[in-house]
Structures are given as structure tokens and as C-alpha cells.
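Welcome! Here is a friendly briefing to read alongside the structure, grouped by topic so that you can find your way around.

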2 protein chains.
Amino acid sequence: MMQTSEIQWSSTERTIARSAFEKAYSREVGALMSEVRNRSGQLAEIEDLWQLHDFLSARRHDLDGKYDERDSALLFVFAQLVKEGWLSLNELDGLDPQKLTKVAALTRL
Amino acid sequence: MMQTSEIQWSSTERTIARSAFEKAYSREVGALMSEVRNRSGQLAEIEDLWQLHDFLSARRHDLDGKYDERDSALLFVFAQLVKEGWLSLNELDGLDPQKLTKVAALTRL
């Protein structure tokens with residue numbers, strides 16, 4: 001495992017990271033809300049409602065775990081978000097090149 | 001607590017009870033689905049989504065507990081459904097008068 005826990009973050013980098021983090025979160029949440037609206041419009045049976053509940057339980061758990069803001073997790077989080085399409089690598093421009101290289105490498109794992 | 005566990009149910013009564021049970025369930029679930037559709041149409045923030053999830057968790061738990069089909073629970077269940085407006089007493093017509101009296105009494109507790 002890469003030693004990300006000892007990586008230093010400048011204040012500019014923190015601003016960039018915070019902004020990228022929030023953009024990705026906002027996109028993913030927006031997509032989730034659309035899907036919930038869509039599913040709700042198609043509710044026909046009680047089973048659909050419990051499936052919607054199960055779906056929300058799983059997505060909430062997933063999001064709570066994924067958006068980990070700890071410094072030690074951040075590069076892994078960004079790599080996952082890039083892989084999943086919620087963030088573009090170029091939205092991390094301004095981070096030091098070593099961090100960008102690590103994120104890019106992690107996206108290829 | 002009333003001794004409902006030893007009450008006997010004829011096959012006609014079982015049919016009436018089953019039908020009343022299903023009508024109430026279907027009404028309550030229908031109302032719940034409407035409310036979920038309504039709330040989903042008004043989702044604006046992630047917090048709304050998690051509130052919808054909490055709401056569904058609570059309602060599911062409530063419904064799972066409330067619609068108890070065991071013979072020993074049935075008169076209590078009917079009384080609660082009548083109190084909550086999901087069932088009318090007259091939809092239990094055909095049950096023996098003693099049972100109807102018990103349900104009616106329970107609705108007044």
C-alpha cells in the first residue's frame with residue numbers, strides 16, 4: 001500500500017481537494033436523487049417500495065464509506081471517484097505532480 | 001390483556017378476516033406509496049434523501065410489526081387499523097358478535 005498518510009498538503013492543495021471532493025459528491029448525489037425520483041414515479045407494488053428502501057440503504061452506506069475526508073484516504077478516494085466517473089483527473093490540477101501521479105496510477109489498478 | 005389466543009375462528013371468519021386484513025394493508029401501503037412519490041418529487045438536497053430513507057426505514061419497521069397475522073394478535077390488529085382509519089368496523093361484519101364487541105372495545109382504549 002502506498003504511504004499516503006505522510007503526504008503533506010499545502011493550503012492551496014487543500015482548497016483544490018475540497019473543491020474536487022464537493023464537486024464529485026454533488027454529482028453523485030444529484031444522480032442518486034434523479035434515480036430515486038425515477039424509481040418513485042414507477043412504484044406500483046409494495047415490493048417496489050421495499051426495493052427502493054433497500055437501494056437507499058445500500059447507497060447511503062456506500063456514500064458514507066466512500067467520501068472519506070481523512071488525509072490518509074484522500075488520494076484513494078479521488079482515484080475511485082475518477083474511475084467511477086464522478087471526477088476528472090484534470091479537476092485535480094494544481095495538486096503537486098507526485099500526488100497526481102499517484103492518483104493516476106491508482107485509477108489504473 | 002384479553003384472552004384472544006384461545007378464540008376460535010371459523011373458515012368463513014377466516015375469509016372475512018383475511019379480506020379485511022388485505023384491504024387495510026393495501027390502503028395503508030397505497031397511502032405510503034403516494035407519500036413517497038410526493039416526497040421524491042420534492043427532493044432538493046441530500047438531506048431530503050436521507051430523511052426519505054429514515055422515513056422508509058421507520059414505516060417499514062412499523063408495517064412489519066403491525067400487520068401481525070397470528071390468531072392471537074388479530075383482534076388487536078383490527079382494532080388498531082380501525083383506530084388509524086385503515087379499516088371500518090363494518091368491514092368485519094360476519095365475524096361472530098363477541099369478536100366484533102372486542103374489536104370495538106379495543107378501539108376505544
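Leaving out neighbours up to four places away in sequence, Val36(A) is in contact (heavy atoms within 4.5 Å) with residues of both chains: Leu52(A), Phe55(A) and Leu56(A), and also Ser40(B), Leu43(B), Leu49(B) and Leu52(B). This is a predicted model, in which local features need pLDDT of at least 70 and side-chain atom pairs count only at pLDDT 80 or more, while totals for chains, interfaces and linings use all residues. Residues are numbered from 1 along each chain as its sequence is written, chains are lettered from A and ligands numbered from 1 in the order in which they are written, and side-chain values use heavy atoms, with hydrogens and water left out.

**The nonpolar core**

- The largest nonpolar core holds 66 residues, and those touching the most other members are Val36(A), Leu49(A), Phe78(A), Val36(B), Leu49(B) and Phe78(B).
- Two or more residues of this core come from each of H1, H2 (46-66), H3 (71-84) and H4 (97-107) of chain A, and from each of H1 (11-41), H2 (46-66), H3 (71-84) and H4 (97-107) of chain B.
- A nonpolar core here is a set of buried Ala, Val, Leu, Ile, Met, Phe, Trp, Tyr and Cys residues joined through side-chain atoms within 4.5 Å.
- Buried means under 20% relative accessible area, exposed means over 50%, and partly exposed lies in between (1.4 Å probe, protein chains only).
- Helices (H or I, at least four residues) are DSSP runs, numbered from the N terminus.

**Where the two chains meet**

- On each side 20 residues take part: 20 of chain A are in contact with 20 of chain B.
- Together the chains bury about 2,000 Å², 70% of it on carbon and sulfur atoms; buried area is the accessible area (1.4 Å probe) that two parts lose on being put together, summed over both.
- In chain A, the residues that lose the most area to chain B are Trp50(A), His53(A) and Arg60(A), together 32% of what that side buries.
- The rule finds 11 residue pairs in polar contact across this interface, both residues being at pLDDT 80 or more.
- A polar contact is a pair of N or O atoms within 3.5 Å; within protein, one must be able to donate a hydrogen and the other to accept it, and residues adjacent in sequence count only if both atoms are side-chain atoms.
- H1 and H2 of chain A are the elements that give two or more residues to the side of chain A that touches chain B.
- The most comes from H2(A), with 10 residues.
- By type, the residues on that side of chain A are 13 nonpolar, 3 polar and 4 charged.
- In this grouping, Ala, Val, Leu, Ile, Met, Phe, Trp, Tyr, Cys and Pro count as nonpolar, Asp, Glu, Lys and Arg as charged, and the others, Gly among them, as polar.

**Salt bridges**

- Over all chains the structure holds 28 salt bridges, each a side-chain nitrogen of Lys or Arg within 4 Å of a carboxyl oxygen of Asp or Glu.
- The rule finds 2 salt bridges across the interface of chain A and chain B.
- Asp54(A) and Arg60(B) meet through their side chains in a salt bridge (2.8 Å, N to O).
- Lys99(B) and Glu13(B) form a salt bridge whose closest N and O atoms are 2.9 Å apart.
- Lys99(B) is in helix H4 of chain B and Glu13(B) in helix H1 of chain B, so this pair ties together parts 86 residues apart in sequence.
- Lys99(B) is buried at 2% relative accessibility, and Glu13(B) is buried at 6%.
- Asp68(A) and Arg70(A) form a salt bridge with the closest N and O atoms 2.5 Å apart; Asp68(A) is buried at 17%, whereas Arg70(A) is exposed at 56%.
- A network of salt bridges links Glu28(A), Arg59(A), Asp62(A), Lys66(A) and Glu84(A).

- Asp96(A) caps the N-terminal end of H4(A), with a side-chain oxygen 2.7 Å from the backbone nitrogen of Gln98(A).
- Gln8(A) sits in the segment before helix H1 (11-41) of chain A and is exposed, at 64% relative accessibility.
- Not counting residues up to four places away in sequence, Gln8(A) touches Glu13(A) and Lys99(A).
- Gln8(A) and Lys99(A) are 91 residues apart along the chain, and 9.9 Å separates their C-alpha atoms.
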